[in-house]
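Open the model in your viewer, keep the selection panel handy, and follow along stop by stop.

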Amino acid sequence: MESISMGELLEWKETRRFYCWPLLPEKSTMFLAAPPKMYKTILAMQFAYKLVAGGDFFGWEINKKVDRILYVEQEIGRPETRDRIARMHKQFRVADLEGKLRFITRPKQRFSLDIGTKGYEFLEQEIIQFQPQVVFIDPFRKITSKDENSSTEMTKVFAAMTALQEQYDLTFVVVHHSGKPSDNRKQGTPDAMRGSSEIFGHGDTYGMLVKPTNSDVDIDVNFEFRHAPHCDPLRLTFDQSVGVFREREKEKAVSNIDKFKDLTKGLKHGKI
C-alpha cells in the first residue's frame, strides 16, 4: 500500500538531501541557461569537476562528494572538450578523478531523451553501464528532436527524464539557451529561457547567467530554487589565462557614516 495517513506523514523523518547546498538536491533537475558565448559550458564543466573533487563551489560546500558523473556534450566535440577540461584539471590539480568524470562528446549517434529512439537506448545503456549519480546534458536543444516551444512535446521529454531519474536515482544538470530580450522575457530570470513554459515548470534549480558590465569575462549567476531560500547572485569573472571562473572581488560597501565623515571632511577643508 503506497498511501500513508496524515499522522504517518507528519512523523516522516526523511529530509531532502543535497550534493551541494543550496544548488543541487539529489534526484533533482538543475538548469544553467544563458545567451550564446557566455561560457556556460565552461561553468557547467567546472561545477561537474568540483562535484567529484569535493570541497566547495565558490563557497557553497559540497555536502556529498559525487563518485560518478556522466557529461553528455553534444555540441563542441572531443578536442575542444579535452582542451577545456585539461586546463581546468591543470589549475585545480585534484588527484584520482580520471575515472569519476566520464564524457560523451558529440557522438555520431546523438544521445536522446526521445523515448523509442536509438539515441534514448544508447543513453540508457551508458547510464546502466557507468551508473552515474549526476548526468550533465549540454546543450538541451541537442538531446531532443522535439519542438522546444511545444508544451505537449516538452511534457514527453521531461517524462522521459523523470523516468530515468526514478529508475536509476539520477540528478540532471541541463545547459540551455535563453532567448532574446522581450516584454515576455526578463533577462536573468527563468522566464528568459528559450522554449515552452514546461521547461520552467520542470526544474528544481535555475542558474541564469547575465552580463553585469561591458566586460566580456564578467558574469552574474542569478538563482531560483524550489527547495531552498533565495540567495544573492554569484558574481564571477572568467580567467582566460587559466580557463576557469573565479569570484569577482566584492565592491567595498560605503556606509552612511563613512559618507557623512567624507562630507564633513570636505566642509572642514572648504571643498564643499
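**Stop 1: Ser28.** Select Ser28 to begin: its relative accessibility is 1%, so this serine counts as buried, the cut-off being under 20%. Keep in mind as you look around that this is a predicted model. Ser28 sits in the loop that links strand S2 (24-25) to strand S3 (29-34).

**Stop 2: the whole chain.** Now zoom out and switch to a cartoon view. The protein chain has seven helices and 13 strands. Of its 272 residues, 47% are buried. Among contacts with a separation of 6 or more, 64% join residues 24 or more positions apart.

**Stop 3: the largest nonpolar core.** Next, show side chains for Leu43, Phe47, Leu51, Ile69, Phe136 and Phe223, which have the most contacts inside the largest nonpolar core, a set of 47 residues. Helix H2 (residues 40-53) is the top contributor to this core, giving ten residues. Another core, of 29 residues, lies apart from it; to find that one, select Val135, Ala192, Met193 and Met208, which are among its members.

Then centre on Leu43. Leaving aside neighbours within four places in sequence, Leu43 is in contact with Phe57, Phe58, Leu209, Ile219, Val221, Leu236 and Phe245.

**Stop 4: H2 against H3.** On the H2 side, pick Thr41, Ile42, Met45, Gln46, Tyr49 and Lys50; they meet Thr81, Arg84, Ile85, Met88, His89 and Phe92 of H3. Colour this contact by class and you will find six nonpolar, four polar and two charged residues.

**Stop 5: H4 against H5.** For the last stop, select helix H4 (residues 118-130) and helix H5 (residues 151-168). How do their axes cross? They come within 12 Å, at an angle of roughly 20°, which makes H4 roughly parallel to H5. This crossing of H4 and H5 is right-handed. From H4, the contact uses Tyr120, Leu123, Glu124, Ile127 and Ile128, while H5 supplies Ala160, Leu164, Gln167 and Tyr168. By class, the contact of H4 with H5 holds seven nonpolar residues, one polar and one charged.

Key. Residues are numbered from 1 along each chain as its sequence is written. This is a predicted model: local features need pLDDT of at least 70, side-chain atom pairs count only at pLDDT 80 or more; totals for chains, interfaces and linings use all residues. Side-chain values use heavy atoms; hydrogens and water are left out. A nonpolar core is a set of buried Ala, Val, Leu, Ile, Met, Phe, Trp, Tyr and Cys residues joined through side-chain atoms within 4.5 Å. Buried means under 20% relative accessible area, exposed over 50%, partly exposed in between (1.4 Å probe, protein chains only). Helices (H or I, at least four residues) and strands (E, at least two) are DSSP runs, numbered from the N terminus. Contact means heavy atoms within 4.5 Å. Axes are lines fitted to C-alpha atoms, for helices over the stretch in contact, and angles run from 0 to 180 degrees between N-to-C directions. Angles under 35 degrees count as roughly parallel, over 145 as roughly antiparallel, 65 to 115 as roughly perpendicular and the rest as oblique. A crossing is left-handed if the near helix is turned anticlockwise from the far one by less than a right angle, and right-handed if clockwise. Ala, Val, Leu, Ile, Met, Phe, Trp, Tyr, Cys and Pro count as nonpolar, Asp, Glu, Lys and Arg as charged, and the others, Gly among them, as polar.
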